[in-house]
Amino acid sequence: MRTERLILRNWEERDRDLFHRINSDERVMEFFPMRRTRAESDDLMDRLAQGIEQNGFGLAAVEIAQTGQVAGFAGLNITTGIPVTEDGTIEIGWRIAPEFWGKGYVSEAARRWRDVGFDDLGLDRIISFAVADNHRSTAVMRRIGMTERPDLAFDHPKVPGSHPLLKRHVLYEMLPADPRL
């Protein structure tokens with residue numbers, strides 16, 4: 001898929017170094033309790049690629065069309081284990097290397113995936129969630145038209161007790177009739 005400046009595509013072998021870097025970078029992973037090893041990153045990238053092949057969507061590579069550089073990922077993901085929503089609810093998510101921050105790439109990619117979710121997949125709801133203090137991610141959520149649901153804030157069950165500042169998550173959602181920003 002294309003946007004004005006991006007190509008959203010499945011993962012390729014050439015993406016492995018960047019994928020590992022964003023999954024082990026202290027700044028990118030500031031709001032995650034773990035950093036992935038190269039083997040763990042490779043395994044996750046393989047699973048994401050396979051999911052995109054099977055489902056036609058997933059957390060896909062974000063490539064800068066003008067340069068061919070891979071900046072990170074964005075896409076739709078099938079949730080499991082989120083205590084305030086049913087398994088199988090679709091979330092929109094992203095992760096991007098710091099040198100690409102502040103350029104609007106995440107919002108651009110997220111808008112395209114949001115539209116795919118509603119217009120092509122016929123979803124009745126898309127959610128996104130992040131650590132409550134992750135203001136960069138929640139700003140993107142608002143920027144694409146999502147609304148915070150304070151009644152659905154939750155302590156993420158996959159965050160260990162050793163990281164209490166990362167447990168509390170806010171949840172945003174969007175419905176097909178909501179204004180698309």
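What follows is a walk along the strands, with a stop at the helices on the way.

Reply: Happy to. Keep in mind that this is a predicted model, so everything below describes a prediction.

Let's begin with strand 2, which covers residues 59-64. How many of its residues are buried? The count is 6 of the 6, so strand 2 is largely enclosed by the rest of the structure. On one hand, strand 2 is joined to strand 1 (residues 6-9) by 4 bridges, and the two run antiparallel. If you want a pair to click on, take L6, whose bridge partner in strand 2 is I64. On the other hand, 5 bridges link strand 2 to strand 3, again in an antiparallel arrangement. Here the pair to look at is A61 and its bridge partner in strand 3, F73.

Strand 2 and strand 3 make a hairpin with 5 residues between them. Which residue in that turn has a positive phi? It's G68, at about 80 degrees.

Strand 3 spans residues 70-78 and pairs with strand 4 in the antiparallel sense, over 7 bridges.

Now strand 4 itself, residues 90-96. It's mostly covered, with 7 of its 7 residues buried. In a regular strand, side chains alternate between the two faces of the sheet. So what sits on each face of strand 4? One side has I90, I92, W94 and I96, and the other has E91, G93 and R95. Both faces are covered, and every one of those residues is buried.

Next comes strand 8, residues 168-174. With 6 of its 7 residues buried, strand 8 is largely enclosed by the rest of the structure. Which strands does it pair with? Strand 5 (residues 126-131) is one of them, antiparallel over 6 bridges, with I126 standing opposite M174. Strand 6 (residues 147-148) is joined to strand 8 by 2 bridges and also runs antiparallel to it; there, E148 has Y172 as its bridge partner. Strand 7 (residues 154-155) pairs with strand 8 antiparallel as well, over 2 bridges, and F154 has H169 as its bridge partner.

Two residues around strand 8 deserve a click. H163 is in the loop between strand 7 and strand 8. It's partly exposed, at a relative accessible area of 27%. H163 and F32 are 131 residues apart along the chain, yet their C-alpha atoms are separated by 8.9 Å.

L175 belongs to the segment after strand 8. Buried or partly exposed? Partly exposed, as its relative accessible area is 35%. Leaving aside residues up to four places away in sequence, L175 touches F118, D124 and R125. Compare that with H156, which is 19 residues from L175 along the chain, with 23 Å between the two C-alpha atoms.

Last stop, the helices. Helix 1 (residues 16-24) and helix 2 (residues 38-55) have axes that come within 9 Å and cross at roughly 115 degrees. That makes helix 1 roughly perpendicular to helix 2, and the crossing is right-handed. Who meets whom there? From helix 1 you have R16, D17, F19, H20 and N23, and from helix 2 come R38, S41, D42, L44, M45, D46 and L48. Sorted by class, that contact holds 4 nonpolar, 3 polar and 5 charged residues.

For a sense of distance across the model, the C-alpha atoms of D46 and D178 are separated by 34 Å, and the two are 132 residues apart along the chain.

Conventions
Residues are numbered from 1 along each chain as its sequence is written. This is a predicted model: local features need pLDDT of at least 70, side-chain atom pairs count only at pLDDT 80 or more; totals for chains, interfaces and linings use all residues. Side-chain values use heavy atoms; hydrogens and water are left out. Axes are lines fitted to C-alpha atoms, for helices over the stretch in contact, and angles run from 0 to 180 degrees between N-to-C directions. Angles under 35 degrees count as roughly parallel, over 145 as roughly antiparallel, 65 to 115 as roughly perpendicular and the rest as oblique. A crossing is left-handed if the near helix is turned anticlockwise from the far one by less than a right angle, and right-handed if clockwise. Contact means heavy atoms within 4.5 Å. Ala, Val, Leu, Ile, Met, Phe, Trp, Tyr, Cys and Pro count as nonpolar, Asp, Glu, Lys and Arg as charged, and the others, Gly among them, as polar. Buried means under 20% relative accessible area, exposed over 50%, partly exposed in between (1.4 Å probe, protein chains only). Two strands pair if DSSP finds at least two bridges between them.
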